[in-house]
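Here's a quick tour for anyone meeting this structure for the first time. Have a look around, and then we'll go through it together.

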Amino acid sequence: MIRVRTALGTPDAPISTLLSKTLAQIRDILARSRPYSFEFFPPKTDETARQLEATLRELEPLDPGFVSVTYGAGGSTRERTHELVLSINDETSMTAMAHLTCTAHSEAELVEIVQRYERSSIENILALGGDPSKDAATPPGELTYALELVELIRSVGDFSVGVAAYPQPHARATSLADDRARTAEKLAHADFAVTNFFFDPEQYFELIAALRERGIDKPVVPGIMPVLSIKATQRMAEMQGSEFPAWMLERLTANGDDPAAIREAGITEATRLCTTLLAAGAPGLHFYTLNGSIATREIVARLGKGPS
Ligand code: FAD
């Protein structure tokens, strides 16, 4: 049984028999398959921890190539990210990747966190610059950009290291060309990238073409987020500094604007995006699950057998 640690404390240690599993590096997984992958965030309460446990149980049979666990800004989920990645690795058949951000950490702290991952046999890390804290009391951190963290992780041990990529350029980018150049630069040192969510496949294709022009052909796994609520998705798009396109709004409301019709249209549109991406050779699909399983399971069922 998966036991998820919450902000409120650690539940009893799991008494399940650990599944015997060969831990795997994501670069090898991506070299031999085009997997589904799922993203989770560490829960804060007992109730949300129970919900995540159920989600993990429901998504495990889909046999994802890997799953990933986010890292709270400024280290706010440092322990919970570590514990969740460990319990997924130890108590399920899934391989988990830990996200890590530079924000608010000294270089020595980051080395300590990465060394602890190594001691815990966590082999996969998504290296992120992170967002500057809005809290004036939080220090900016000794490292600023993801590339610096990739280099730090490489100096500590043999990890498979991923980075983030942005089909719509990153909010703080000075220009599209500069963002593409920065992404190419960090991906040259990393093993793979996972993208932010997006709706227009052309933006992903343009990103891939821009990286290829710069000599980078490492796997860039597209991030998928079905629209289940227009307001919630608009808010998330705004937070990541990307556009929620007018054509998407039109399609979502074409059959009415009640929540069930919008949800159904959101799943249909996400499935259409996945189909287009897979047909064009995307190296997998990374689902932003928001710690729920239903939408992801519906899309995977509509896609059929899966990408690999
Ligand atoms: P970086 O590569 O650090 O780049 C940030 C910006 O600086 C870009 O605009 C880039 O073009 C520019 N830049 C890069 N290098 C230089 C340079 N040398 N000089 C000048 N400009 C430069 N956030 C969290 O807090 N926790 C998470 O778990 C998390 N997971 C994520 C997972 C994915 C798949 C994605 C796409 C994002 C995630 N984020 C997460 C958000 C991410 O931390 C923010 O988007 C952050 O603002 C940028 O981090 P980065 O590593 O993507 O960018």
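How many Å separate an oxygen atom of the ligand from an N or O atom in the side chain of Tyr 166? The distance is 2.5 Å. Keep in mind that this is a predicted model.

Tyr 145 places a polar side-chain atom 3.4 Å from a nitrogen atom of the ligand. Ala 173 takes part through its backbone: an N or O atom there lies 3.2 Å from a ligand oxygen atom.

On its own, the ligand has 980 Å² of accessible area, and the protein covers 83% of that.

## Who's in the shell

The ligand is surrounded by 23 residues. Among them, the closest are Tyr 71, Gly 129, Asp 131, Tyr 166 and Asp 179. Sorted by class, the shell comes out as 10 nonpolar, eight polar and five charged residues.

Which elements give two or more residues to this shell? They are strand 3 (96-101), strand 4 (124-128), helix 6 (176-189) and strand 6 (192-197).

## The barrel

Eight of them form a closed barrel, running 1-2-3-4-5-6-7-8 with parallel pairing. On average, neighbouring strands of this sheet are turned by 30° against each other, direction ignored.

Zoom in on one pair: strand 1 (residues 36-40) and strand 2 (residues 66-69) run parallel and are joined by four bridges. Phe 40 has Val 69 in strand 2 as its bridge partner. Helix 3 (residues 78-91) packs on the sheet and touches strand 2 and strand 3. The direction of helix 3 makes about 165° with that of strand 3.

Definitions and conventions: Residues are numbered from 1 along each chain as its sequence is written. This is a predicted model: local features need pLDDT of at least 70, side-chain atom pairs count only at pLDDT 80 or more; totals for chains, interfaces and linings use all residues. Side-chain values use heavy atoms; hydrogens and water are left out. A residue is near a molecule or strand if one of its heavy atoms lies within 4 Å of it. A polar contact is a pair of N or O atoms within 3.5 Å; within protein, one must be able to donate a hydrogen and the other to accept it, and residues adjacent in sequence count only if both atoms are side-chain atoms. Accessible areas come from the Shrake-Rupley method with a 1.4 Å probe; for residues, only the protein chains shown count as cover. Ala, Val, Leu, Ile, Met, Phe, Trp, Tyr, Cys and Pro count as nonpolar, Asp, Glu, Lys and Arg as charged, and the others, Gly among them, as polar. Two strands pair if DSSP finds at least two bridges between them. Axes are lines fitted to C-alpha atoms, for helices over the stretch in contact, and angles run from 0 to 180 degrees between N-to-C directions. Contact means heavy atoms within 4.5 Å.
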